[in-house]
Each structure stands twice: as structure tokens, then as C-alpha cells.
Amino acid sequence: MKDVIENKLKLRSVKPTAMRLLVLQALLNEKKALSLNELETILEHADRTTIFRTLKTFQEKFLVHRVYDGSGMVKYAVCDDDCNCSLQENHLHFLCTKCSTTYCLKDAPIAIPTIPKGFKAKYANYLIEGSCSSCN
Ligand SMILES: [Zn+2]
Ligand SMILES: [Zn+2]
């Protein structure tokens, strides 16, 4: 597991500090999008500001992407190794309203909608709400 995490950081030219390894490990272990609060709970001894800064670095390097699932807290999910977080690579997110888990539906491609002339899209957030397979 440690190798996988270190390789992921290396691939994105991110120096593997202890905190970065911990945060990435937590995100990979949980297999779902996590909020800063949730990460803080998992990483008991880590400082909130440091976790936040780590997430910001990860986001800049396309290691994680943001998910807005309407819970009021932005969540973070691990990107695939070849992801550059472009609009074309975007995928659906699914919020289970029963267990509050947010999933990345990476196999659900989305057509990019046509937006008015003169507008430039940088980020899009597609969310489906419902109940997940563990809750059904
Ligand atoms: Zn569920
Ligand atoms: Zn995702």
C-alpha cells in the first residue's frame, strides 16, 4: 500500500511528506469522497490547517478533485493516475441520501453541455442523489 501511495505522489511530482502520505492513504482506504472534517476525524493527530494545505496541493497537482454534494462541506476524491481534471474527463458523483456517502461514478461518462457563446467553462459538478447499493 505504501508503495502505491508513494508512486501516486511521485507520478505527480509531489514530495512524499508524512502528512501527504497519511492524507492520500486515508482517501484511498475509504474509497469515497471525504470532507475536511471527516479527514480530521480519521487523522486524529493531524492539524486541520495542515490537512487543508495538503488537500490544496493535491488538488493543484490533480491528485484529488473537489466534489460538491450539497452537504455544505466540499469533499475530496482521489483522481485516476492519468486524470488532468479537464471538463472532458469529468465524471458523475452520486450522493446516497441514506448513508451520506459520496461516490465517484468514473464509468459514467457525461456529455459536455453547450454553453452560451462567450462563456468559458472551467469546472463542472454533476451530482445524482439517491440510495447506494449497500443501502438498497
Ligand atoms: Zn448508502
Ligand atoms: Zn469523482
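Which residues coordinate the zinc ion (ligand 1)?

## The zinc site

Cys 96 (SG), Cys 99 (SG), Cys 132 (SG) and Cys 135 (SG) coordinate the zinc ion (ligand 1), at 2.2 to 2.3 Å. Donors are N, O and S atoms within 2.8 Å of the metal (3.2 Å for Na, K and Ca), with water not among the atoms. Along the chain, the donors of the zinc ion (ligand 1) follow the spacing C-x2-C-x32-C-x2-C.

The site is tetrahedral, with angles of 102 to 118 degrees among the four donor atoms. The ideal angle for four tetrahedral donors is 109.5 degrees.

Cys 96 is buried, at 0% relative accessible area. Cys 99 is partly exposed, at 34%. Buried means under 20%, exposed over 50%, and partly exposed in between (1.4 Å probe, protein chains only).

## Helix H1

Helix H1 covers residues 2–11, and Ile 5, Lys 8 and Leu 9 are buried there. These buried residues fall within an arc of 95 degrees seen down the axis, so they line one face of H1. The arc uses directions from the helix axis to the C-beta atoms. On the other side of H1, Asp 3, Asn 7, Lys 10 and Leu 11 are exposed.

Helices (H or I, at least four residues) and strands (E, at least two) are DSSP runs, numbered from the N terminus. The cover over the buried residues of H1 includes helix H2 (18–30), helix H4 (48–60) and strand E3 (74–78). Contact means heavy atoms within 4.5 Å. Just after H1, Ser 13 takes a positive phi of about 55 degrees.

## About the model

This model is predicted: local features need pLDDT of at least 70, side-chain atom pairs count only at pLDDT 80 or more, and totals for chains, interfaces and linings use all residues. Residues are numbered from 1 along each chain as its sequence is written, chains are lettered from A and ligands numbered from 1 in the order in which they are written, and side-chain values use heavy atoms, leaving out hydrogens and water.

How values were computed: Tetrahedral: all angles 85-135°; square planar, octahedral: opposite > 155°, others 65-115°.
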